[in-house]
Protein chains: 2
Amino acid sequence: MLGGAATHFALAASFFDRVHVVGPVGEDFGEAELEVLRTRGTDVSDVERVPGGRTFFWRGRYHDDLNTRDTLDTQLNVFERFEPRLSEASRACEVLFLANIQPSLQLAVREQCSEARFVALDSMNLWIQTARDQLEEVIASVDCLVLNDEELRQLTGRPNLLSAAHAVLERGPWIVVAKQGGYGAAMVTREDFFSLPAYPLREVVDPTGAGDTFAGGFVGFLAGLPEPRRRERRALRNAMAYGTALASFNVEGFGTEGLAGVSGAQVLERVRDLDRFTRLEPIEVPLHG
Amino acid sequence: MLGGAATHFALAASFFDRVHVVGPVGEDFGEAELEVLRTRGTDVSDVERVPGGRTFFWRGRYHDDLNTRDTLDTQLNVFERFEPRLSEASRACEVLFLANIQPSLQLAVREQCSEARFVALDSMNLWIQTARDQLEEVIASVDCLVLNDEELRQLTGRPNLLSAAHAVLERGPWIVVAKQGGYGAAMVTREDFFSLPAYPLREVVDPTGAGDTFAGGFVGFLAGLPEPRRRERRALRNAMAYGTALASFNVEGFGTEGLAGVSGAQVLERVRDLDRFTRLEPIEVPLHG
């Protein structure tokens, strides 16, 4: 299936703002795939087709709960020798998402986008194990780290979510988002904690790309706001909700099918649902003791 | 350590109402343990001390994330031959919690409490595997099933939380609460879905008893309300919050230490925190597509 971080991210983020995708593809990446990437005006002029190359490939098997998975095959392919050279338009971006790939490539892109006011980063266990120094370097240069909660534990050596998040907050980022698979996601800043469940669905078809779709909604929502508002607690919480709503459509189909044809109104409807599903309105009762 | 479902449940529920504990203990259960059970006026006259008997015993090892565990030893001991004979006061209870034990014992207690207006039930994988028929019978006789989400999947054969919960709702209960360990808990009724994260803590000392403490807060809060209010959406959601707040104190210490000395004001403070940690206040933005 067509997938990959850039594809899922761009499909989600393009609901909010114009997305510029940077990255290499192989000769197997045809016009039909580029057309999906161009959805809602996404700019693909920095997508570099490598002659004779093959596109990045991932294959895995999900466990019964669709929440944990085993990677069966990862082929970096065209990413192995990629040297990002960004166009003027991409370099001028105000908001940047560094999708999960070798930290050295993330650093190269980060450095070229010197104007960026908000930078988010994803990574994975492979780079924690094999490229920790470079990963730490790129983490120190971003505003927001978005990571699976298990990887957050691996990165920091702290089994506790809150403790692990605060360890990251000491290294540079001022937001940590822990993706929790089917349980949702939690956001930690120095001043705030926020948790949101996954959107409840009767059937999940394919969780692949849910994390990147979430990131697309999260970062895209913030990109759609002017700079000062991006730092407000309510804006950051809404970014989580839009990311969660968009991810819920993604998992309802294989590859990019889930989000295909979804309207802005449908996304808004699920954001409103998430508010209803989590509203507490405390009742204070007399307690003994 | 002193523990067990009845102990943890009673310590939590006694914040709201008078608890009557029913069950057998062995000669190893002394006056000090009974004294803990008597906290905040809990009635222990139906706690039966079996001459020559040994108290129920559990030992386990938690994984690094403190979210999953392996049982190393379970000894039913005095529960093996227990035949519950409830006092008049216990039989007259309006609200009943059937803690996790053989379904045949749960059924015997359920039948003696014929006046109960609200009955909740906990169980575990062992009974799903070895006593399914009796478990199904007792499930059909209760209002609320409280179960770990993995056990909910085992019980129904449905890997999806929402789908599994609705399968249970067809069998009698009108509330299903899925305990999700460190991720919190979700509540499903025919009309509603509600999800609440675990209270975020920098350090978790011992998760043992968190589920029973949660149940004590959940059922105890509802027991403190008059019957019609118990069925209201907002009341049920608050029951989840009080259960979650109380469970967070429990995991901060071993055995019953965590909840010892906790005041009603401290519990209320954490309920208010949970409201703050989950409040979304949607921002509706124009979306492309």
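Which residue forms a salt bridge with A:R85, and how far apart are the closest N and O atoms? The partner is A:E48, with the closest N and O atoms 3.7 Å apart. This is a predicted model. Over all chains, the count of salt bridges comes to 36.

**Interface of chains A and B**
- In chain B, 55 residues are in contact with 55 residues of chain A.
- B:Y183, B:L280 and B:I283 supply 15% of the area that chain B buries against chain A, more than any other three residues.
- Two salt bridges cross the interface.
- B:E284 pairs with A:R272 in a salt bridge, the closest N and O atoms being 2.6 Å apart.
- Elements giving two or more residues to the chain B side are α7 (149-156), α8 (161-169), β10 (193-196), α11 (233-250) and α12 (264-278) of chain B.
- The largest share of that side, ten residues, comes from α12(B).

- The A:R85–A:E48 salt bridge spans 3.7 Å between the closest N and O atoms.
- A:R85 lies in the loop between β4 (69-75) and α3 (88-91) of chain A, and A:E48 lies in strand β2 (residues 43-49), so the pair ties together parts that are 37 residues apart in sequence.
- A:R85 is exposed, at 56% relative accessible area.
- A:E48 is partly exposed, at 29%.

**Salt bridges within helices**
- A:D273 and A:R276 form a salt bridge, with the closest N and O atoms 2.7 Å apart.
- These two residues, A:D273 and A:R276, sit three residues apart in helix α12 (residues 264-278) of chain A, so about one helical turn separates them.
- A:D273 counts as buried at 8% relative accessibility, whereas A:R276 counts as partly exposed at 38%.
- B:R132 meets B:E136 in a salt bridge of 3.1 Å, N to O.
- Both B:R132 and B:E136 lie in helix α6 (residues 132-139) of chain B, four residues apart, about one turn of the helix.
- B:R132 is partly exposed at 29%, and B:E136 is partly exposed at 25%.

**Salt-bridge network**
- A network of salt bridges links A:E94, A:D143, A:E227, A:R230 and A:R231.

**Nonpolar surface patch**
- A:M1, A:V205 and A:F254 form a nonpolar patch on the surface, with about 320 Å² of accessible area together.
- A:M1 is placed in the segment before α1 (5-13) of chain A.
- A:M1 counts as exposed, at 73% relative accessibility.

How values were computed
Residues numbered from 1 in each chain as written. Chains lettered and ligands numbered in written order. Predicted model: local features only at pLDDT ≥ 70, side-chain atom pairs only at ≥ 80, totals over all residues. Heavy atoms only, no water. Patch = residues over 30% accessible without salt bridge, like charges linked within 9 Å, V, L, I, M, F, W, Y side chains within 5 Å. Areas by Shrake-Rupley, 256 points an atom, 1.4 Å probe, with all protein chains shown as cover. Salt bridge = Lys/Arg side-chain N within 4 Å of Asp/Glu carboxyl O. Buried < 20%, exposed > 50% of the residue type's maximum accessible area, 1.4 Å probe, protein only. Contact = heavy atoms within 4.5 Å. Buried area = accessible area lost by both parts, 1.4 Å probe.
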